[in-house]
Each structure stands twice: as structure tokens, then as C-alpha cells.
Amino acid sequence: MDSLNKLKQSVASDAVTQDSGLTRRSFLQMGGLGIAAAMMPRWSLAHIDSGFAYHYRLTAEPAKAELVPGFTTDVLAFNGDIPAPVIRAKQGQPVRIEFTNKLNEPTTIHWHGLRIPIEMDGVPFLSQKPIMPGETFVYEFTPPDAGTFWYHPHMNSTEQLGRGLVGAMVVEEAIKPDFDVDEVLILKHWHLDKKGGWKALTRPRYAARMGTPGEWGTANGVNNPRYNFRPGSRVRLRLANVDNTMTYQLRLKGVKAQVIAIDGNPVLNPFPFEGHKIGPGMRLDLAFVMPEAAVANNKVVLEYQLGKFGFPIANFASTSESALPKKPLPKLAMNPIPVPDIENAETLPFVFEWEGAISPVDEKGETHDTFWLINRRPWQGMGPGNIPDPVADLTLGKSYIFDLKNNTQYHHPIHIHGHTFLVLEIDGEPVTPFYTDTVLLGKNGRAKAAFVADNPGRWMYHCHVIEHMKTGLMGYVKVS
Ligand code: C2O
Ligand code: CU
Ligand code: CU
């Protein structure tokens, strides 16, 4: 348990340095120099000038977007824009988001990965009433952790996320690390044909397997966008997989990068990036120094791998400016997530299984397929009258180890709300413990993930392959 003690110490000492952050402000502002000018695509803004630093106005609404060049697609979009605005907040400071539903159906917004009070978690019926068309709901919370997070509706998710309601949320550190470039890339495959027309977002045949993949790959709504960085820039890339289905096996060609954070949470010791899988809902922060002469065929390319082949997600070229002077890559402070008490933790087994069941037609004449189970039980169709018992009743303040077992041959990114797991073991092997809100279980994979149940409420606990969630693979834990 040596690594756990180390973790405990550094979480505690980082919490101290974070508090003294503000006095270093003028020093920090120099960090922005040298950001290369040409960046595409452009982010839209949601910020309101109200004197309150982190105050946003956000809508969800039908809109048109050019995703496939030359063609227009009807999408659902935050503030009418693809990509959605990046919501920037600061660790330990309140953020307020005035959200108005301009869709013609109810919705809610969930802040994925944030440890915030249940009232702000954005899950219909469990944590709030659905926001009806035309209604406004004010989300207000203080993020305790810094990092790369994201936001999305938690209703009719196959459609609402699938058609575009996915956005990044960046919680800046109390002391901002001194990167020259800080770029967000949200990865999504759209279910579009070559002319930007919609194809089916879900097909039972695929929902019962790995999920229905989209065919038009994008980063920030653009197919293989180009970013230009000044050579020598210390780049922080914040990758977020906001796709309904795809697990991306990522790699970066043309530069050596470090993994500095997993699912928003800094790792204790950054390690070389040699390929990494991120499932739906997951994030990865990489850091690298932009090489000189990364042009033409020597560009830095972010790819995902399918079998032997690599497909570009985005590419990065160096500008012709002179190189920035050499400086070490900044180190991120650990987030103040409680370290679970492993010795006294209670272990709870969770088995994820497949069941092929086509449930009978309901009163509206629709069939509901059930394909997936947590501990032999599916949960589908959230509604005021359809809240089952929790899959686990947890005691506030107590430490737990979730022993996760995937008895299927498909990937399942298992996500918990309101808490952050500390992963101890994967496939029976101990790992250097790391924090994450989503654990990716591979084919017949296992994992042990611990946490302190320190946030009271009823918290969703589900697979983030949206079709798996919608066909049974979801539940909630109750902390009280
Ligand atoms: Cu992205 Cu229930 O979560
Ligand atoms: Cu979540
Ligand atoms: Cu799944």
C-alpha cells in the first residue's frame, strides 16, 4: 500500500499549495504568451458579463451545422453552435449556468465527472424535475476539482447527445499551470452519410453488441482539423470522448507526449503516452513540446487505431516563428479527492451481463429491448413511477471497493456520478492507483475501483455506451 500513502501525502500537500494560489496571479498571466494565432474551429462563447466571474447563459436548441463540408445537417446544439461552448470554471469558485430548454422535449444537463451536490447533478427524477420546453433552470455549484470535464443532457440521450448536445467543461486550477497552449478536443463520430444526412442513431442488432457507431469522425465538429502551434510551445491537449458509442484507441505520431491527467484527474507521476483507450465519456490530458519543423509530412498527428490502420483525428503543424525557449513541462497539482481507507473498505461485487430479451410492446405501441444487466437486473425508461431500488445502499463517509466484472465480450465504460473512483486493479493485476469517474472494462475485463461515499444522494451508476445504458445497463447507488 506504499503507493496509496504517497498519494495521500501529495493530495494533502497539493491542497495546501492550491490555497495560496491568488497571490501569484501577475506571474501567471504571462503564461498565455506565444499561443499560435491560427486555430480552427472557433469556439463560441456563453459567458455573460455580469461582474460574476463564471456566469454563463446556455440553451439547447435545434440548429443547422455544416459538419460534412458543403452540406447542412439539422442538429441539436448548445447555444445553436457546433462545437458547443467550452464552459470554463475555476476550482473552488462558484459557477452559475442559466440553462434554457429550447428543444421541443424535456431535458436536463449533467456535469460529467464533477463532485457537486445532488441537486445540481442533472438527472431527471433522481435529482431534479425534467426541464420542460421553454423553461429555465439555474445550475450553480463550486467545482472542487480542476481538470477536463464535459456536459450533456441526461434525457433521451441516444437522440439528444447523438444529434449534438455534448460540450466540454474546463475547470482551471487554483494555480494555473504555465502551458503555452491549452487546447480542448472533443471527439465524436456523427451518424451521418456522405451528404450530411442522418442515419439511424441506434439499431437493436448493434445496441445488443458494441453499440451503433457513427461514420463521420470529428474533433470539435470538424473532420481532421489542423492546429498551428509555435515550435517549443508546451502544449496541453485535453481530449474528451463525447461519442455515444466509440472507444478510441489513441496514439500520437510525430512527438513524444506525456499523460498528465486521466478523466480530468492529474496522475501522481506523468508517464509516456504510448497509446491509450478512451471509452465514451472518458478524457485524457496530454502534454508535449511542439517540435520544430513539424510541417507537411512531419506533422504531429492524433490518430485512432482500428485494427492495423490509423485514422486521423486532428493534426498539428508548427508555425514558422522562432522556437520558444526551452522550459520544463509544468506539473499539475493533485485534486483534493479523499483517499479511500482500503483496509476497512467494504467490497461490493458488480457483474455486468448480457440478456437477449425483447420486452412486449407498451401502451404506445413501442417495443423496449433489454440487453444488459447489472447484477442480474436491468433498468430502463426513467420516469417518476419507475425508480427501482438502488443497486447498492452506501453509508455516508464509508470507503467501498467496487469489484467490477464484465461477463460480456464488449467494452463497457462504467461511470459513477458525484464521486471519483480510485482504480486499484485491472484484470486481476494491481495498477498504480489513479483517479477516474469512468472505468473502462475490456472484453471479459475486471477492475477494482475504490472510493469514499462522501456525497449524499442517489447517484447514477451506468455504462456510458449510450445504447447499453438505454437498454438496461444502468442503476444508481444511494449514499446516506
Ligand atoms: Cu456522462 Cu450519467 O453521465
Ligand atoms: Cu456523469
Ligand atoms: Cu456498456
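This is a predicted model: local features need pLDDT of at least 70, side-chain atom pairs count only at pLDDT 80 or more; totals for chains, interfaces and linings use all residues.
**View 1. Two histidines hold the copper ion (ligand 2).** His110 and His415 coordinate this ion. Each uses its NE2 atom, at 1.9 Å. His110 sits in strand β5, residues 109-112. His415 sits in strand β24, residues 412-416. The pair therefore ties together parts that are 305 residues apart in sequence. Are these two histidines, His110 and His415, buried or exposed? Both are buried.

**View 2. Three residues coordinate the copper ion (ligand 3).** The donors are ND1 of His412, SG of Cys463 and ND1 of His468. They coordinate the ion at 2.0 to 2.1 Å. In sequence, the donor residues follow the spacing H-x50-C-x4-H. His412 belongs to strand β24, while His468 belongs to helix α5, residues 466-470. So this pair links parts that are 56 residues apart in sequence. His412 has a relative accessible area of 0%, so His412 is buried. His468 also counts as buried, because its relative accessibility is 0%. The cut-off for buried is under 20%.

**View 3. A nonpolar patch lies on the surface.** Which residues form this nonpolar patch? They are Leu306, Phe309 and Phe311. Together they have about 320 Å² of accessible area. Phe309 is placed in strand β19, which covers residues 309-318. Phe309 counts as exposed because its relative accessibility is 59%, and exposed means over 50%.

Methods. Residues are numbered from 1 along each chain as its sequence is written. Chains are lettered from A and ligands numbered from 1 in the order in which they are written. Side-chain values use heavy atoms; hydrogens and water are left out. Donors are N, O and S atoms within 2.8 Å of the metal (3.2 Å for Na, K and Ca); water is not among the atoms, so sites may look incomplete. Helices (H or I, at least four residues) and strands (E, at least two) are DSSP runs, numbered from the N terminus. Buried means under 20% relative accessible area, exposed over 50%, partly exposed in between (1.4 Å probe, protein chains only). Patches are made of residues with over 30% relative accessible area and no salt bridge: like charges are joined within 9 Å, nonpolar side chains (Val, Leu, Ile, Met, Phe, Trp, Tyr) within 5 Å. Accessible areas come from the Shrake-Rupley method with a 1.4 Å probe; for residues, only the protein chains shown count as cover. A salt bridge is a side-chain nitrogen of Lys or Arg within 4 Å of a carboxyl oxygen of Asp or Glu.
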